[in-house]
Structure formats: C-alpha cells, structure tokens
Amino acid sequence: MLIQILFLKLFLQTGIGTVFSAVDKYNPDPHLACAPHQILKDTDLVIAHRELPCFAKVIVCNVRTEKCTSAVVKDRGPFGITGNHYTAIVDMSEAVAKKLDSNGFEPVLIFSPVPIPNKPPKKKLYIRKLS
C-alpha cells in the first residue's frame with residue numbers, strides 16, 4: 001500500500017483519528033451527510049471527513065502501528081472544537097479502526113487524490129445536548 005502512495009500524486013493530511021459507532025446518532029447537520037437515506041454500518045470501510053468530497057476514496061494510515069487501509073468518505077464530521085482547532089480530522093468506522101489496530105484516538109495520515117483545504121472552524125459552535 002505504501003508503494004502505491006509513493007507513485008501516485010496524493011495529498012496528505014495529518015492529525016487525530018477517532019472512531020464512531022453506528023449507534024451514535026448525533027450529527028449537528030444531518031443534511032450534510034453524503035447519503036442521508038443510507039444507514040452506515042460498523043462493518044463498512046467508511047470515514048467521516050469535513051472537507052473531502054463525498055464518495056472520495058482515501059488511504060488512512062495509523063502512525064503508531066504503520067498499517068494502512070483504503071476507505072470511502074460517506075459522512076461529514078468530526079465537529080468537536082477546542083479553541084480555534086478541531087479535535088480530530090477524521091472519524092473512522094469500527095471496521096477501519098480494526099484494520100488499523102487503532103485504540104480509538106490515534107495519530108493518522110490521510111492520503112487523498114483531491115486537495116484537502118484544512119479550513120479553520122466556523123464561528124458557529126455545535127453543542128451536544130446530554131440526555
């Protein structure tokens with residue numbers, strides 16, 4: 001997989017990758033999801049990214065374990081904010097995390113065929129309501 005990365009012109013983004021579960025129904029803007037009527041399963045190799053186009057195929061690499069896997073962008077997120085920075089760059093399904101041997105909060109590399117803008121958070125903050 002890494003040899004493919006070296007020979008292709010890919011764009012890179014580094015940061016923290018977190019794991020989401022299909023049980024987590026929280027999405028501040030559900031209309032932003034790539035396929036709003038499609039149910040995401042924990043067994044699908046999908047990720048949630050704020051800026052990559054929907055259905056873009058990317059390569060996700062875990063820095064600690066040095067394992068890589070391909071995944072498809074099918075959702076928007078993560079939206080957690082600390083100060084002027086997002087807390088994570090990508091939310092991974094449990095299947096992606098398992099392939100990467102991720103513990104749920106790991107440094108990752110994202111290789112994408114399209115440029116990744118890395119925009120700062122908007123002024124509008126999303127506050128999760130605790131039930």
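Trainee: How many residues sit between β3 and β4 in their hairpin, and which residue in the turn has a positive phi?
Mentor: The hairpin has 5 residues between β3 and β4, and Glu66 in the turn has a positive phi of about 60°. Keep in mind that this is a predicted model: local features need pLDDT of at least 70, side-chain atom pairs count only at pLDDT 80 or more, and totals for chains, interfaces and linings use all residues. Residues are numbered from 1 along each chain as its sequence is written, and side-chain values use heavy atoms, leaving out hydrogens and water.

Trainee: Okay, and how do β3 and β4 run, parallel or antiparallel?
Mentor: Antiparallel, with 5 bridges joining β3 to β4. In β4, Val60 has Thr69 as its bridge partner, and Lys57 has Val72. Two strands pair here if DSSP finds at least two bridges between them. Strands (E, at least two residues) and helices (H or I, at least four) are DSSP runs, numbered from the N terminus.

Trainee: Which bridge partner does Ile59 have in β8?
Mentor: That's Phe111. β3 and β8 are paired in the antiparallel sense too, over 4 bridges.

Trainee: Zooming out, which strands close into a barrel, and in what order?
Mentor: 6 strands do, in the order β1-β7-β2-β4-β3-β8, with mixed pairing. From one strand to the next, the twist averages 45°. For angles like that, axes are lines fitted to C-alpha atoms (for helices, over the stretch in contact), and the angle between N-to-C directions runs from 0 to 180 degrees.

Trainee: And what does the secondary structure of the whole chain come to?
Mentor: 2 helices and 8 strands. Starting at the N terminus, they run α-β-β-β-β-β-β-β-α-β.

Trainee: How many of the residues in β3 are buried?
Mentor: 5 of its 6, which leaves β3 mostly covered. Across the chain, 39% of the 131 residues count as buried. Buried means under 20% relative accessible area, exposed is over 50%, and partly exposed is in between (1.4 Å probe, protein chains only).

Trainee: New topic: how many salt bridges does the structure hold?
Mentor: 2. A salt bridge here is a side-chain nitrogen of Lys or Arg within 4 Å of a carboxyl oxygen of Asp or Glu. One is Arg64 with Glu106, their closest N and O atoms being 2.9 Å apart. Arg64 lies in the loop between β3 and β4 and Glu106 in strand β8 (residues 105–112), so the pair ties together parts 42 residues apart in sequence. Glu106 is buried, with 2% relative accessible area.

Trainee: Which side chain meets Asp101 in the other one?
Mentor: Lys67, at 2.5 Å from N to O. Asp101 is in the loop between α2 (94–100) and β8 while Lys67 is in the loop between β3 and β4, so this pair ties together parts 34 residues apart in sequence. Asp101 is partly exposed at 36%, and Lys67 is partly exposed at 36%. Asp101 also has a positive phi, near 55°, without being a glycine.

Trainee: What about Glu51, buried or exposed?
Mentor: Glu51 is buried yet has no salt bridge; the nearest side chain of opposite charge, Arg50, is 4.5 Å away. For charge, Lys and Arg count as positive and Asp and Glu as negative, while His and the chain ends are not counted. Glu51 is placed in the loop between β2 (46–48) and β3 (57–62).

Trainee: Which residues does Glu51 touch, not counting those up to four places away in sequence?
Mentor: Arg76, Ile116, Pro117, Asn118 and Lys119.

Note on methods
Contact means heavy atoms within 4.5 Å.
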